[in-house]
Amino acid sequence: MSPWGWFLLQTLCLLPTGAAPRRGAPASANCELKPQQSELNSFLWTIKRDPPSYFFGTIHVPYTRVWDFIPDNSKEAFQQSSIVYFELDLTDPYTISALTSCQMLPQGENLQDVLPRDIYCRLKRHLEYVKLMMPSWMTPDQRGKGLYADYLFNAIAGNWERKRPVWVMLMVNSLTEVDIKSRGVPVLDLYLAQEAERLRKQTGAVEKVEEQCHPLNGLNFSQVIFALNQTLLQQESLRAGSLQIPYTTEDLIKHYNCGDLSSVIFSHDSSQVPNFINATLPPQERVTAQEIDSYFRQELIYKRNERMGKRVKALLEEFPDKGFFFAFGAGHFMGNNTVLDVLRREGYEVEHAPAGRPINKAGGFGMTTATVCEGKIKASK
């Protein structure tokens with residue numbers, strides 16, 4: 001999972017999305033959801049070796065919104081694999097502490113010192129609005145679990161004046177009514193990490209926080225100010241009722257549950273960065289938006305895919321008798337220059353595993369989940 005998602009880890013390990021339905025209720029989607037196992041979506045790929053290993057594409061939404069639409073063979077691949085790897089080590093306290101320090105301005109600086117005065121004032125006004133509205137955004141179910149508006153606001157937005165502007169931009173982007181209503185259920189990646197620990201599987205990570213985090217801090221100042229201004233404009237328009245978001249989390253869930261393997265939405269979910277390109281921007285601002293989009297596509301998708309793929313290869317070679325389950329954001333398997341492409345280029349046969357197809361049960365399966373010692377394998381060098 002990307003760190004700009006994980007910057008909310010300390011707020012109950014949650015990311016923005018719509019409110020979760022009752023367990024087993026169909027997700028809200030405008031496409032025909034298939035009831036048969038053989039017709040379900042599949043974001044599972046098999047790395048052909050003995051024992052087999054797997055890639056699984058996740059999205060960063062509460063797992064209850066998608067779990068019933070994930071095919072049984074994907075769940076069985078997870079159960080059978082003795083080692084489960086994520087982008088980041090989701091259960092290591094260092095993940096949070098490293099991320100916290102990455103977000104902060106240099107010692108002694110405050111946001112008021114670095115932002116243009118008008119943007120700072122608009123930001124302050126917007127956060128005051130969110131704090132005022134948040135009690136009415138909370139659901140009875142959240143209150144029943146002891147989740148209160150003041151606590152949640154402070155957990156998400158506390159210390160905002162000490163954060164770098166790019167992180168404040170992402171924070172503002174996640175402080176909406178539909179996002180707040182979702183707090184309280186683990187996202188799919190975290191749920192899988194918790195299950196892996198419960199089943200006493202080994203877990204690990206192919207990346208370090210700094211590798212995901214530093215590119216975000218690499219935007220130049222004018223690009224960051226543009227991004228923050230656009231985010232505030234968007235939120236102000238939403239408050240005024242004059243704007244519809246082009247890609248909502250509901251759209252993301254719909255495309256995932258319907259098995260849309262080509263959706264452009266997944267790359268934005270994997271990078272967790274908003275898309276600022278739109279036709280209404282003046283020419284110069286459109287150039288800036290395209291530069292930001294291009295920079296993040298290169299730094300947060302393509303370069304990471306290359307690094308992640310090479311580390312997967314190294315792990316497969318280091319542990320030839322182990323079955324791995326690699327759970328990465330679905331966007332890392334879509335489009336060009338994917339993690340799958342890296343492995344294929346290195347000589348591995350990787351094939352899509354449609355729903356309904358039984359997964360291979362190789363005889364030489366190194367360790368079983370019952371005998372694996374509980375432990376962690378850190379990010380590969």
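Which residues touch the most other members of the largest nonpolar core? The structure examined here is a predicted model, in which local features need pLDDT of at least 70 and side-chain atom pairs count only at pLDDT 80 or more, while totals for chains, interfaces and linings use all residues. Residues are numbered from 1 along each chain as its sequence is written, and side-chain values use heavy atoms, with hydrogens and water left out.

A nonpolar core is a set of buried Ala, Val, Leu, Ile, Met, Phe, Trp, Tyr and Cys residues joined through side-chain atoms within 4.5 Å. Here, buried means under 20% relative accessible area, exposed over 50%, and partly exposed in between (1.4 Å probe, protein chains only). The largest such core holds 99 residues, and the members that touch the most others are Phe55, Leu123, Met134, Leu175, Leu188, Phe325 and Phe326. Helix α15 (residues 283–318) supplies the largest share of this core, with 8 residues. Helices are DSSP runs (H or I, at least four residues), numbered from the N terminus.

Beyond its neighbours within four places in sequence, Leu123 is in contact (heavy atoms within 4.5 Å) with Leu111, Leu115, Trp160, Val168, Val172 and Leu232.

The cysteines come next. A search of the whole structure gives 1 disulfide, meaning a pair of cysteine sulfur atoms within 2.5 Å. Cys102 and Cys213 form this link, with sulfur atoms 1.6 Å apart. Cys102 belongs to helix α3 (residues 93–103) and Cys213 to helix α11 (residues 209–213), so the pair ties together parts 111 residues apart in sequence. Cys102 is buried at 11% relative accessibility, and Cys213 is buried at 0%.

How values were computed
Helix = DSSP H or I, 4+ residues; strand = E, 2+ residues; numbered from the N terminus.
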